[in-house]
Each structure stands twice: as C-alpha cells, then as structure tokens.
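The sequence and the model come before my entries.

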Amino acid sequence: WYYPPPYYYYPPTVVVPASPPVYVERSDAAPDQSQQGWWYYCDTSRGYYPYVKTCPSGWQRVPPAPPPAQ
C-alpha cells in the first residue's frame, strides 16, 4: 500500500492594523525671536560655538544676528 504524504499545516495569517499617518502643520510665517534658537559666544577666545569648542570664562547666550551688510 502507498500512503500519501501528510498534509502541511499553514499557520494563521497575522494581520496588524497600520497606524494612522501623522501630519505636521507647517507655518509659512517667519519664526519669532524665541523660536530661532540662540548663539553662544566666548568672550575669552572671541568666538562662537561650534567654532570654539571650550570656553574657560563661560558661554554667553546671545540672540542670533544676520551677517553684517557689505
């Protein structure tokens, strides 16, 4: 007698619902001074971070400024 091979067992399919998309609203208006961040100035070496890595006298937080007009 010939016996057929056993039936294969297929595990059930797992369905995971997709998370909803996340939308970020962008404003085209110019950010105010508080949202632009700060620059850090070292008076001892007379330079700004990240060009100056350490400051023995302590960093001074200054508002960002545009480059001078030429």
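Predicted model: local features only at pLDDT ≥ 70, side-chain atom pairs only at ≥ 80, totals over all residues.

Entry one, the sheet. I looked up the secondary structure and found three strands and zero helices, which read along the sequence as β-β-β. I then asked myself in what order the three strands lie in the sheet. The sheet is open, its order is β2-β1-β3, and the pairing is antiparallel. Because β2 and β3 stand at the edges with a single partner strand each, one side of each is left without a neighbour in the sheet.

Entry two, the pairings. I followed β1 and β3 and found that they pair in the antiparallel sense over four bridges. Along this pairing I noted that W39 stands opposite V62 in β3, while Y41 stands opposite Q60 in β3. I then turned to β1 and β2, which pair in the antiparallel sense over two bridges, and here C42 stands opposite G47 in β2. The hairpin of β1 and β2 has four residues between the strands, and in this hairpin R46 takes a positive phi near 55°.

How many disulfides does a search of the whole structure find? The search finds one, and this disulfide joins C42 to C55 with an S to S distance of 2.1 Å. The pair links distant parts of the chain, 13 residues apart, since C42 lies in strand β1 (residues 39-42) and C55 lies in the loop between β2 (47-48) and β3 (59-62). I wrote beside this that a disulfide is a covalent bond between the sulfur atoms of two cysteines. I also looked up the handedness, and with 85° about the S-S bond the link of C42 and C55 is right-handed. Are these two cysteines, C42 and C55, buried or exposed? Both C42 and C55 are buried.

I looked up burial for the 70 residues of the chain, and 9% of them count as buried. The chain exposes about 7600 Å², and carbon and sulfur atoms supply 60% of this area. Last, I looked at the contacts in the chain with a separation of 6 or more, and residues 24 or more positions apart account for 20% of them.

Terms used. Residues numbered from 1 in each chain as written. Heavy atoms only, no water. Disulfide = S-S within 2.5 Å. Buried < 20%, exposed > 50% of the residue type's maximum accessible area, 1.4 Å probe, protein only. Contact = heavy atoms within 4.5 Å. Areas by Shrake-Rupley, 256 points an atom, 1.4 Å probe, with all protein chains shown as cover. Pairing = 2+ DSSP bridges.
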